[in-house]
Amino acid sequence: MGALPAHLERMRAHPDIAGEVLRLEYTAMSLNPNAKLYGRRTLLEFFDRARPRDRACLEAFERELDMPWALYHVRRLFLVTADGGRRPVMRSTERVDIGRPQQLARRLISVSERHRVDVEHDPVFGRARAWVRPRGTAWPMAEELFATAPARVIDKQDKNFEPEWEALTSGSTAQLPLA
């Protein structure tokens, strides 16, 4: 048995732990869709509600999501060195509001629509995400989004983030009046 099947079997044997792991991945992916635990597939994609042991894991996941949620403002900088090499990505994550998932999603959708910003919404589990500044394809670039997720993410910002952000985006950044 390979690593993934063994891991899934352990999760099915311990659905409460599986629920927590599923929430961790879901939260991470709310703020960064590239944060999947298994490459191109999410961990959720490996569970089928029609299977009783999988259903127990999914029910544990839903219990994990039954908590206060937050609206986060997330920004990332993809910068280059003086000689053109890629620097480590700089990040800023700030909690803007706290509430129930549906309430926060409605707020984000409403404000985003008024400002003609596309919103991704997961009606099954509640996440909403609005890309104010989508990630480009060439470095240097900036990325900015607002997203809802379980309120387990702390505010954090890399050192010198603000001056680097201002230098790269200077005046061209779109804003949603959520902060």
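User: With which residue does Arg-49 form a salt bridge?

Analyst: The model is predicted, and the contacts described here are computed from it. A salt bridge requires a side-chain nitrogen of Lys or Arg within 4 Å of a carboxyl oxygen of Asp or Glu. The closest N and O atoms of the pair in question are 2.5 Å apart, and the partner of Arg-49 is Glu-62.

User: How many residues apart in sequence are the parts that this pair ties together?

Analyst: Arg-49 belongs to the loop between α2 (15-31) and α3 (52-65), whereas Glu-62 belongs to helix α3.

User: Is Arg-49 buried, partly exposed or exposed?

Analyst: Buried means under 20% relative accessible area and exposed means over 50%, with partly exposed in between. The relative accessibility of Arg-49 is 35%, so this residue counts as partly exposed.

User: Which strands are joined by the salt bridge of Glu-143 and Arg-76?

Analyst: The side chains of Glu-143 and Arg-76 meet at 2.5 Å, N to O. Glu-143 lies in residues 141-150 and Arg-76 in residues 69-78, so the pair ties together parts that are 67 residues apart in sequence. The strands are β5 for Glu-143 and β1 for Arg-76.

User: Are Glu-143 and Arg-76 buried or exposed?

Analyst: The cut-off for a buried residue is a relative accessible area under 20%. Glu-143 falls in this class and so does Arg-76; both are buried.

User: How far apart are the closest N and O atoms of Glu-164 and Arg-87?

Analyst: Glu-164 is in helix α5 (residues 161-169) and Arg-87 is in the loop between β1 and β2 (90-99), 77 residues apart. Glu-164 is partly exposed, with a relative accessible area of 25%, and Arg-87 is partly exposed as well, at 26%. The two residues form a salt bridge in which the closest N and O atoms are separated by 3.4 Å.

User: Which element gives the largest share of the lining of the largest pocket?

Analyst: The largest pocket holds about 320 Å³ of space. Its lining consists of 15 residues, and those nearest its centre are Leu-31, Arg-76, Thr-93, Val-153 and Lys-156. Two or more lining residues come from each of α2, β1 and β2. The largest share, five residues, comes from α2.

User: How many charged residues does the lining of the second largest pocket have?

Analyst: About 160 Å³ of space lies in the second largest pocket. Of its 13 lining residues, Pro-101, Gln-102, Val-124, Phe-125 and Gly-126 are the closest to its centre. By class, six of the lining residues are nonpolar, three are polar, and the number of charged residues is four.

User: Is Arg-116 buried, partly exposed or exposed?

Analyst: Arg-116 is located in the loop between α4 and β3 (119-121). Its phi is near 55°, a positive value in a residue other than glycine. Because the relative accessible area of Arg-116 is 79%, this residue is classed as exposed.

Definitions and conventions. Residues are numbered from 1 along each chain as its sequence is written. This is a predicted model: local features need pLDDT of at least 70, side-chain atom pairs count only at pLDDT 80 or more; totals for chains, interfaces and linings use all residues. Side-chain values use heavy atoms; hydrogens and water are left out. Helices (H or I, at least four residues) and strands (E, at least two) are DSSP runs, numbered from the N terminus. Buried means under 20% relative accessible area, exposed over 50%, partly exposed in between (1.4 Å probe, protein chains only). On a 1 Å grid over the protein atoms alone, a cavity is a set of points where a 1.4 Å probe fits but cannot get out, and a pocket is an open set with protein on both sides within 12 Å along at least five of seven lines; lining residues have an atom within 4 Å of a point. Grid points are joined across faces, edges and corners, and a volume is the space filled by probe spheres set on the points. Ala, Val, Leu, Ile, Met, Phe, Trp, Tyr, Cys and Pro count as nonpolar, Asp, Glu, Lys and Arg as charged, and the others, Gly among them, as polar.
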